[in-house]
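Hi,

Here is the structure I promised to pass on. Have a look at it first, and my notes follow below.

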Amino acid sequence: MSELKCGCPDCHCDVDPQRVFNHDGEAYCSQACAEQHPNGEPCPAPDCHCERSGKVGERDITDNQLDDALEETFPASDPISP
């Protein structure tokens, strides 16, 4: 059985099948990796520093903020109240 690698950019961790963090169809080794380290949270592996990835650092907002913004736009088909 092959090991499942974390979906976080530049993360070198394997995902523990007993403790998988799923986000958008990808598996991650931790909640911090699943959320792409929005506040610079470190990877739980002491020898992995994927939170320093340039790809991760480019994100300005968290997934929770995106979810809240999306929720505020629905239902998009309703007319504006007078």
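**What turned up**

The side chains of Lys-5 and Asp-14 make a polar contact at 2.9 Å (a pair of N or O atoms within 3.5 Å; within protein, one must be able to donate a hydrogen and the other to accept it, and residues adjacent in sequence count only if both atoms are side-chain atoms). This is a predicted model, where local features need pLDDT of at least 70 and side-chain atom pairs count only at pLDDT 80 or more, while totals for chains, interfaces and linings use all residues. Residues are numbered from 1 along each chain as its sequence is written, and side-chain values use heavy atoms, leaving out hydrogens and water.

Lys-5 sits in the segment before β1 (21–23); helices (H or I, at least four residues) and strands (E, at least two) are DSSP runs, numbered from the N terminus. Beyond its neighbours within four places in sequence, Lys-5 is in contact (heavy atoms within 4.5 Å) with His-12, Cys-13, Asp-14, Val-15 and Ala-27. The C-alpha atoms of Lys-5 and Val-15 are 5.7 Å apart.

Asp-10 belongs to the segment before β1 and is partly exposed, at 43% relative accessible area. His-37, in the loop between α1 (31–34) and α2 (54–57), is buried at 4%. Here buried means under 20% relative accessible area, exposed over 50%, and partly exposed in between (1.4 Å probe, protein chains only).

Overall, the pattern along the sequence is β-β-α-α-α, and 30% of the 82 residues count as buried.

Best wishes
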